[in-house]
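Okay, thanks for coming, everyone. Let me put the model on the screen.

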2 protein chains.
Amino acid sequence: MDHYTLLRNHIEAICTLTDEEWEFVRGYFHHKKLRKHQFLVQKGDPVPFEFWIIQGLIKAYALDEDGKEHILQFGMENYWVSDHYAYQNKVPATLYVDCIEDSDFFCLKLEDREYMCQQIPAMANFFRTKSNLGYIALQQRILSLLTETAEQRYSKLIKKLPRLIQRVPKKLLASYLGVTRETLSRLKG
Amino acid sequence: MDHYTLLRNHIEAICTLTDEEWEFVRGYFHHKKLRKHQFLVQKGDPVPFEFWIIQGLIKAYALDEDGKEHILQFGMENYWVSDHYAYQNKVPATLYVDCIEDSDFFCLKLEDREYMCQQIPAMANFFRTKSNLGYIALQQRILSLLTETAEQRYSKLIKKLPRLIQRVPKKLLASYLGVTRETLSRLKG
């Protein structure tokens with residue numbers, strides 16, 4: 001299936017578009033292809049785009065003062081990723097987003113997204129719904145960080161995103177869960 | 001200023017409504033008044049509403065298996081609060097939301113919100129923007145939990161929400177920051 005059809009299906013899983021609306025919408029999405037280890041977002045740089053992942057796997061993370069990597073999020077097919085704070089506020093990135101696998105994206109500029117949402121109510125409702133779901137997922141992650149052990153977080157992740165677990169290198173998975181690689185091996189055992 | 005005027009100002013800080021649209025919108029918001037210690041949401045109960053805080057102060061929290069309280073969020077004037085996961089998915093609450101002060105709210109049903117967003121594009125854009133900002137704030141909180149010390153989290157909170165700090169009892173503030181009350185006293189010293 002071609003990339004634009006995948007995107008239309010993704011949007012229409014939530015909101016219906018007429019063919020005319022879709023022709024208008026698709027014009028704002030630009031294709032980008034990156035290889036493993038390349039960056040979508042780098043700390044200190046402007047963040048003109050958010051990205052919809054057509055195919056591939058990314059991680060969004062912060063580096064602390066000791067150079068330790070703290071993973072905020074993994075993203076795979078159908079996920080929207082960026083440094084959302086920097087993108088929305090037009091300030092330099094505080095995060096890094098890079099590719100764990102060779103990946104394909106659609107890029108969307110903030111101005112284009114806002115214009116599209118003003119012009120096409122269905123798109124405003126699409127982004128509203130996605131943002132709501134994202135908000136809820138982050139609340140669940142905060143609760144999990146506050147109340148659960150690494151073991152509980154790992155079992156939940158296996159249930160929720162089995163396909164992700166298989167693709168993410170163990171070292172990164174350990175970092176996301178906030179445990180050492182040795183502890184993760186024990187949890188998997 | 002009457003409650004409905006406050007709400008209209010809150011919405012129109014983001015999106016303009018005609019008088020006719022406002023008359024339609026305001027009909028979906030119902031007033032609720034609670035005293036200190038009363039609950040908006042209780043674990044196990046259905047969550048038919050989200051709440052906009054007209055005046056007051058609330059906390060949203062989870063209890064772990066040992067009965068320890070983990071504070072997800074404080075909310076004050078102009079905040080939208082609920083157990084968003086339960087509200088959106090029509091499942092029983094996993095959180096508690098209760099009042100730290102006597103408080104006034106507007107309640108909004110999910111069906112009413114969705115209908116309003118379908119009928120009035122400006123309202124879809126209003127909720128989309130609020131949800132985006134909420135998403136970004138939660139990402140910042142996760143990063144803070146992953147990378148910062150309690151001391152750093154406390155200084156940021158003072159800068160960001162000085163008015164909140166003054167109103168929230170020290171015991172709850174310590175719980176939110178994930179430190180003991182003694183540690184908090186030291187940070188404040």
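Start with A:R113 and A:E50: their side chains form a salt bridge, 3.2 Å from N to O. By salt bridge I mean a side-chain nitrogen of Lys or Arg within 4 Å of a carboxyl oxygen of Asp or Glu. This pair joins distant parts of the chain, with A:R113 in helix α4 of chain A and A:E50 in strand β3 (residues 49-55) of chain A, 63 residues apart. Helices (H or I, at least four residues) and strands (E, at least two) are DSSP runs, numbered from the N terminus. And A:R113 and A:E50 are both buried, where buried is under 20% relative accessible area, exposed is over 50% and partly exposed is in between, with a 1.4 Å probe and protein chains only.

Quick word on the ground rules. This is a predicted model, so local features need pLDDT of at least 70 and side-chain atom pairs count only at pLDDT 80 or more, while totals for chains, interfaces and linings use all residues. Residues are numbered from 1 along each chain as its sequence is written, chains are lettered from A and ligands numbered from 1 in the order in which they are written, and side-chain values use heavy atoms, with hydrogens and water left out.

Back to the charges. Which residues does the network around A:R113 link? A:E50, A:R113, A:E114 and B:R128 are connected by salt bridges. The step over to chain B is A:E114 with B:R128, at 2.8 Å, N to O.

Chain A has another pair of this kind, A:K59 with A:D98, at 3.1 Å, N to O. A:K59 sits in strand β4 (residues 57-63) of chain A and A:D98 in strand β7 (residues 96-99) of chain A, 39 residues apart. A:K59 counts as buried at 9% relative accessibility, and A:D98 is buried at 6%. In chain B, the closest N and O atoms of B:K59 and B:D98 are 3.0 Å apart. Over all chains, the whole structure has 26 salt bridges.

Now the interface. How many residues of each chain are in contact? It's 34 of chain A with 34 of chain B, contact being heavy atoms within 4.5 Å. The chains bury about 3600 Å² between them, 65% of it on carbon and sulfur atoms; that's accessible area (1.4 Å probe) lost on being put together, summed over both parts. On the chain A side, A:R128, A:Y135 and A:I142 lose the most area to chain B, together 19% of what that side buries.

Between the two chains there are two salt bridges and nine residue pairs in polar contact, both residues at pLDDT 80 or more. A polar contact is a pair of N or O atoms within 3.5 Å; within protein, one must be able to donate a hydrogen and the other to accept it, and residues adjacent in sequence count only if both atoms are side-chain atoms. The element giving the most to chain A's side is α5(A), with 19 residues.

How values were computed. Buried area = accessible area lost by both parts, 1.4 Å probe.
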